[in-house]
Amino acid sequence: MEYDHILVRYGEMSLKRRNRSRFEQALKQNIKQKLKDFPNITVNRTRDHIYIVLNGEDHVKIMEILKGVFGIQSFSLAIKTKSELEAIREGALAAFLEAGTNARTFKITAKRGDKEFPITSQDLNHLVGSHILKNVPGLKVDVHNPDVNVRIDVRREMTFITSKVVKGAGGFPVGTNGKALLMLSGGIDSPVAGYMTMKRGVKIEAVHFYSPPYTNERAKQKVLDLAAKLSNYGGKIRLHIVPFTEIQQEIHKFIPSSYTMTAMRRMMLRIAVRIAEKNGALAIATGESLGQVASQTIESMHAINEVTNYPIIRPLIAMDKLEIIDIAKKIDTFDISIRPYEDCCTIFLPSDPKTKPKKDRINYYETKLENIEDLIEKAVNETETIEIDVNSTMVEKENEFQDLF
């Protein structure tokens with residue numbers, strides 16, 4: 001016998017009750033999309049699991065891909081047998097032997113999904129366990145901490161047998177909890193925020209603020225590469241690149257240096273909301289971590305958030321930098337994020353940014369920007385949109401201005 005299936009298990013999705021079918025169907029479609037380069041597989045959904053029929057495809061490559069699919073709690077290579085005792089015994093022995101030759105203890109965990117199957121789960125544990133003991137010298141049963149746990153899932157027409165469990169990404173299938181617009185800089189934090197947002201089932205688009213000639217093409221490419229990495233987890237991502245130079249120059253010219261960071265963030269948020277509304281995103285996601293920099297104190301967030309009542313998702317809010325870096329390395333964005341190319345947030349960085357800005361002061365200073373609405377409208381109209389996926393950094397370009405008419 002050989003492994004010919006992969007059995008996919010759900011996590012939080014199992015608690016969704018009436019909405020569960022919708023989540024399971026979304027997960028099935030996401031798995032099929034991620035495995036589109038394996039034409040021989042089939043993906044099937046049952047009441048409790050999704051199982052993938054390998055049909056000769058490379059299970060090692062497929063399992064590596066499945067680790068990054070949100071909504072999967074765990075998965076296992078599985079042997080499918082008939083729901084008959086002798087077939088189950090032989091399948092369980094094969095699964096145990098496949099799990100490793102160094103095992104000295106084992107247990108059987110049988111689950112009888114088909115209640116008409118004539119052998120109870122407890123009796124099946126004993127009958128299958130005794131068969132393995134007869135065929136593997138020196139082996140012992142350990143029900144608490146075994147080297148190998150052979151799991152048997154008996155269905156009406158078939159039984160799945162597994163011996164190893166691989167941890168999945170968890171969360172919910174991308175696309176089941178709406179869409180958000182990620183404010184994607186070239187730093188370490190915002191890509192991690194995008195990953196964490198997608199883990200909760202949210203489809204993301206991204207917005208990046210670009211300030212030529214102060215920021216160069218390599219800084220822009222850095223963000224394109226980050227978006228491509230994120231597309232590993234959530235599929236194609238539309239990246240909106242906003243020309244921000246003129247706005248930054250106006251802020252630098254008319255607003256005191258201690259408040260320029262607050263003013264810049266407020267302008268970014270105003271623009272992001274316009275782009276989110278236009279593209280059907282119901283929230284803004286950011287990589288803010290409380291207290292990490294001047295613009296991320298509670299007082300700064302309070303002053304910046306004043307410009308909108310749009311929901312702001314901050315998945316990193318209570319994480320420290322080392323925790324964020326660990327995730328960045330895990331999702332392979334860290335090395336891109338530390339490329340030494342400045343983004344627009346650093347080019348006019350004041351030496352004395354306010355950590356506790358006052359709303360009345362920033363509102364007063366912004367009155368000096370007489371053409372603030374014109375600046376915002378121009379930036380939105382001139383925004384460039386690039387569609388990105390994991391295989392091709394730039395799939396399509398379009399001018400956002402055309403979409404307004």
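R266, R270, E306 and E366 are linked in a network of salt bridges. Keep in mind that this is a predicted model. R266 is buried, at 1% relative accessible area. E306, at 36%, is partly exposed.

The search of the whole structure gives 21 salt bridges. Two others for today.

One joins D225 and R339, N to O 2.8 Å. D225 belongs to helix α6 (residues 217-234) and R339 to the loop between α11 (334-337) and α12 (344-347), so to speak of distant parts of the chain: 114 residues apart. D225 counts as buried, with 17% relative accessible area, while R339 is partly exposed at 29%.

The other pairs R155 with D153, the closest N and O atoms lying 2.7 Å apart. Is R155 buried or exposed? Buried, with 13% relative accessibility. D153 is buried too, at 8%.

Now the nonpolar side. The largest nonpolar core has 46 residues, and I6, I31, I52, L66, F96, I132 and I152 touch the most other members. Helix α3, residues 85-99, supplies the largest share of this core, six residues. Leaving aside residues up to four places away in sequence, F96 touches A103, F106, I132, V136, L139, V148 and V150. Apart from this core lies another, of 36 residues, including Y195, A228, L316 and I325.

Definitions and conventions. Residues are numbered from 1 along each chain as its sequence is written. This is a predicted model: local features need pLDDT of at least 70, side-chain atom pairs count only at pLDDT 80 or more; totals for chains, interfaces and linings use all residues. Side-chain values use heavy atoms; hydrogens and water are left out. A nonpolar core is a set of buried Ala, Val, Leu, Ile, Met, Phe, Trp, Tyr and Cys residues joined through side-chain atoms within 4.5 Å. Buried means under 20% relative accessible area, exposed over 50%, partly exposed in between (1.4 Å probe, protein chains only). Helices (H or I, at least four residues) and strands (E, at least two) are DSSP runs, numbered from the N terminus. Contact means heavy atoms within 4.5 Å. A salt bridge is a side-chain nitrogen of Lys or Arg within 4 Å of a carboxyl oxygen of Asp or Glu.
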